[in-house]
Amino acid sequence: MDELEVPYYVDGDLDEYYDDPDEALLYEHLEKMSKYGRFFYMFQSCVGPTTVQTFDLVGPLLVMCFILRVVSALKLPRLVVHFVSFICGLGALFLFLKKNLVYPLAMSALGYLILFVKHGNRGMVMASTSVMFLIICELFIVTPENWHQVRGSQMVLVMKLISLGFDMDKGTTPRPNIVEYLGYSVSVSSVIFGPFLTYSDYCQLLDGKKLSFAWFLGVVRSCFLSYCCLIVSACVAPWMFPEDSFKWFMAYQSAMSFRFSHYFVSFLSECTSVLSGIGTEVNQEGKPKTIWRYDVARPQHIELPRSLVEVVVHWNIPMHLFLKNYVFKKAIPLGRFFAVFSTFALSSLLHGINFQLAAVLISVGTYAYIEHVLRHKLGKIFNACILARKCRPECGHVYKDGNFWVIAANLGLSFLSVFHLAYLGIMFGGDSEIQEKGYGMNHTLGKWSDLDFASHWVALATFLLSRIIG
């Protein structure tokens with residue numbers, strides 16, 4: 001944007017100085033920015049409105065989660081808790097999806113019928129039916145704008161149904177009755193802005209744990225972190241660099257804004273889970289204990305990554321565990337390549353049939369695998385702790401993490417991961433209306449072309465290096 005000169009005017013009467021109200025508003029913004037400073041103006045014009053809008057959006061959801069928590073703490077019959085979970089979940093669906101709630105409800109009804117399939121086949125039938133349902137809805141039934149709105153809920157619901165089918169096949173989970181099933185499939189703790197929960201996770205609600213100060217602190221912690229990430233994404237990141245900055249700075253800025261929007265949703269997911277009564281169960285000195293947190297993402301392992309392998313693991317922990325336990329492990333008897341391909345294929349389908357998403361997911365998976373192979377070979381050659389994942393103390397390497405050269409190597413490879421994340425994350429910036437419909441191939445390749453396909457060339461060089469030293 002060309003630089004605009006702030007004009008002189010008397011008593012701030014811009015409406016008399018300019019005929020065009022939009023032009024007057026633009027110069028008013030520029031005058032305030034010049035007077036108060038770039039970041040102060042950003043907080044004044046962004047933080048307040050963002051806070052109010054977000055509270056209006058998620059406030060009713062948090063109230064419904066709290067109602068479920070109180071009901072479960074009252075030691076009421078289990079079916080009552082399931083029914084309250086279903087009613088609150090239904091209310092949350094209507095609040096956020098309006099008429100589009102028909103799609104998750106239809107998938108939920110179809111999933112219940114599949115639970116009566118012959119033992120041993122439920123998991124595969126549920127998986128194939130769910131994926132087919134998603135594909136048909138996205139391609140032939142639902143408009144792109146409506147599907148963008150409902151896709152997150154559908155993704156979480158499908159993961160819950162697939163996990164339930166496979167757990168029933170293993171015999172670890174009995175078939176729930178209709179009320180229990182509805183409570184689980186449409187649970188308020190995960191149907192909107194919530195993580196994937198297995199049936200056993202969900203059944204923690206029935207334990208009726210008492211309200212405690214530790215629980216309250218867990219809720220406050222996750223809400224505070226969610227809010228901080230929201231402000232960074234919406235108000236801080238977009239103002240980091242001027243619009244005419246170096247293209248890689250702008251790429252990092254765009255990717256950072258997207259990543260922190262993901263952290264906002266992740267911590268909000270943790271908040272809804274903990275507020276509903278779901279924590280992390282641990283064994284402490286032989287006694288079961290509930291830690292009032294439920295990690296969905298770990299930003300410290302993404303913003304300062306050891307490797308892209310860690311980024312993949314910590315980006316969405318519940319989804320990573322789902323893909324590992326219910327896709328990769330189920331497909332591994334057919335070969336490692338088929339298992340890896342199936343895992344990334346299902347992940348891509350769950351996120352939507354979109355060239356942009358598929359290109360990013362395939363790139364991340366490919367990069368992570370190349371990096372894993374290279375660092376494994378380098379670790380073996382130099383007998384050093386420079387693997388993609390942090391070594392255990394008893395790993396047997398001569399040069400441990402505290403060695404200067406090991407620190408330098410891991411730091412350099414960490415910066416390489418940050419470079420890849422900036423390149424891949426630039427895909428998700430831009431016009432929100434276009435994002436709702438999904439970016440096509442030309443847009444995706446155009447974005448990467450602006451950065452000279454640098455990340456893909458570096459990945460190719462990394463692959464060739466791993467082959468040469470093999």
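**Notebook: cores and cysteines**

I began with the largest nonpolar core, which has 66 residues, and found that Val188, Ile192, Phe322 and Leu350 touch the most other members. Such a core is a set of buried Ala, Val, Leu, Ile, Met, Phe, Trp, Tyr and Cys residues joined through side-chain atoms within 4.5 Å. Buried means under 20% relative accessible area, exposed over 50%, and partly exposed in between (1.4 Å probe, protein chains only). Helix H7 (residues 144-170) gives this core its largest share, 11 residues; helices (H or I, at least four residues) are DSSP runs numbered from the N terminus.

A note on the source: this is a predicted model, where local features need pLDDT of at least 70 and side-chain atom pairs count only at pLDDT 80 or more, while totals for chains, interfaces and linings use all residues. Residues are numbered from 1 along each chain as its sequence is written, and side-chain values use heavy atoms, leaving out hydrogens and water.

Next I looked up Leu350: beyond its neighbours within four places in sequence, its contacts (heavy atoms within 4.5 Å) include Leu134, Arg151, Met155 and Phe322.

Then I turned to disulfides (cysteine sulfur atoms within 2.5 Å), and I found 1. Cys46 and Cys235 form it, with sulfur atoms 2.0 Å apart. Cys46 lies in helix H3 (residues 38-73) and Cys235 in helix H10 (residues 213-236), so the pair ties together parts 189 residues apart in sequence. The S-S torsion is about -80 degrees, so this disulfide is left-handed. Cys46 is buried at 13%, and Cys235 is buried at 0%.

I also checked Cys229: the closest cysteine sulfur, in Cys228, is 6.9 Å away, too far for a bond.

Technical notes
Helix = DSSP H or I, 4+ residues; strand = E, 2+ residues; numbered from the N terminus.
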